[in-house]
Amino acid sequence: MRVALIIGLGGLLLAGAGPARADDPVAGRKIANMCRTCHGLNGYAKIPIAPHIGGEPKAYLEAQLMAFKTGARSHEMMSVVAGGLSAQQIADVASWYAAHEVTAELPAGADPANAPQACVSCHGADGLALLEDAPNLAGETNIYIDTQLKAFKRGRRKHEIMSAIAAEVSDGDIRAAADWYAAVKLTVKPAK
């Protein structure tokens with residue numbers, strides 16, 4: 001059986017389906033209630049092994065949640081949570097967190113030129129993502145960043161860019177990058 005795609009004034013339509021619904025950050029806020037224990041309703045993580053997700057690029061959040069949902073990425077808690085969400089709910093909660101405003105401030109005396117050079121083209125010297133499919137690193141705990149980079153380095157987590165970059169970085173340089181971004185002050189202002 002072949003599924004026809006139709007582009008119309010109502011947006012992308014699958015044959016037999018109605019128009020795609022626009023992302024709804026208000027609905028996403030309700031979904032975010034299940035995220036609050038680890039990530040906080042405002043997206044500022046409450047535990048050191050969870051990332052801050054407030055102000056992350058929407059495309060990045062959606063991609064990660066879909067990866068957990070489909071099994072492309074695995075985590076004992078996130079795979080269960082994302083597995084129970086529809087694609088629309090994922091888009092809505094990603095819209096909620098992406099709508100938060102974030103600012104990052106380097107520590108007093110820190111020179112942006114000293115930021116980890118392998119990281120700045122995607123994550124910025126201050127840890128705010130410069131690309132839609134890259135996460136913010138500002139204010140993450142050094143243990144979280146260290147763990148994720150080592151997962152890329154050792155092949156437990158895969159990404160077309162990060163796997164290659166992490167494979168070439170020493171554990172000492174990973175820790176230095178983690179310490180750099182952990183020292184950045186992140187402020188998250190929730191969406192209204």
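**The whole chain**

Select the complete chain to begin. Of the contacts (heavy atoms within 4.5 Å) between residues at least 6 apart in sequence, 64% join residues at least 24 apart. This is a predicted model, in which local features need pLDDT of at least 70 and side-chain atom pairs count only at pLDDT 80 or more, whereas totals for chains, interfaces and linings use all residues. Residues are numbered from 1 along each chain as its sequence is written, and side-chain values use heavy atoms, with hydrogens and water left out.

Colour next by secondary structure. Nine helices and four strands are present in the chain; helices (H or I, at least four residues) and strands (E, at least two) are DSSP runs, numbered from the N terminus. Their order along the sequence is β-β-α-α-α-α-α-β-α-α-α-α-β.

Now display the surface. The accessible surface of the chain is about 10800 Å², and carbon and sulfur atoms account for 60% of it; the areas come from the Shrake-Rupley method with a 1.4 Å probe, and for residues only the protein chains shown count as cover. Of the 192 residues in the chain, 39% are buried, a term that means under 20% relative accessible area, with exposed meaning over 50% and partly exposed in between (1.4 Å probe, protein chains only).

Select residues 58-70, which form helix α3. Show the side chains of Tyr60, Leu61, Gln64, Leu65, Ala67 and Phe68, which are buried in α3. Viewed down the axis of α3, the buried residues fall within an arc of 155°, so they line one face of the helix; the arc is that of the directions from the helix axis to the C-beta atoms. An α-helix has 3.6 residues a turn, so residues three or four places apart point the same way. The buried residues of α3 pack against α4 and α5 (87-98). Just after α3, select glycine 71, which has a positive phi of about 90°.

Which residues have the most contacts inside the largest nonpolar core? Select Ala32, Leu61, Leu65, Val93, Trp96 and Tyr97, which hold that place in a core of 17 residues. A nonpolar core is a set of buried Ala, Val, Leu, Ile, Met, Phe, Trp, Tyr and Cys residues joined through side-chain atoms within 4.5 Å. The elements α3, α4 and α5 each give two or more residues to this core, and α5 provides the largest share, five residues. Apart from this core lies another, of 15 residues, among them Cys119, Val120, Ile174 and Ala178.

**The first annotated group**

Select Cys35, Cys38, His39 and Met78, which an unreviewed UniProt entry lists under "binding site". These residues are spread over 44 residues of sequence, yet they cluster in space, with a largest C-alpha distance of 11.4 Å. UniProt positions are given here in the numbering of this model, feature names are shortened, and annotations may be inferred rather than shown by experiment.

Centre on cysteine 38, in helix α2 (residues 36-39). Cysteine 38 is partly exposed, at a relative accessible area of 25%. Beyond residues up to four places away in sequence, cysteine 38 touches Ala45, Lys46, Ile47 and Ala50.

Move to methionine 78, in helix α4 (residues 78-83). Methionine 78 is buried, with a relative accessible area of 18%. Neighbours within four places in sequence aside, methionine 78 contacts His39, Leu65, Phe68 and Gly83.

**The second annotated group**

Cysteine 119 is in the loop between β3 (101-105) and α6, and counts as buried at 13% relative accessibility. Not counting residues up to four places away in sequence, cysteine 119 touches Gly124, Ala177 and Tyr181.

Methionine 162 is in helix α8 (residues 162-167) and is buried, with a relative accessible area of 17%.

**Last stop: glycine 139**

Finish at glycine 139, in the loop between α6 (120-123) and α7 (142-153). Glycine 139 counts as buried at 12% relative accessibility. Its contacts, leaving aside neighbours within four places in sequence, are His52, Tyr181, Ala182, Val184 and Leu186.

Note on methods. The expected span of a helix is 1.5 Å times one less than its number of residues.
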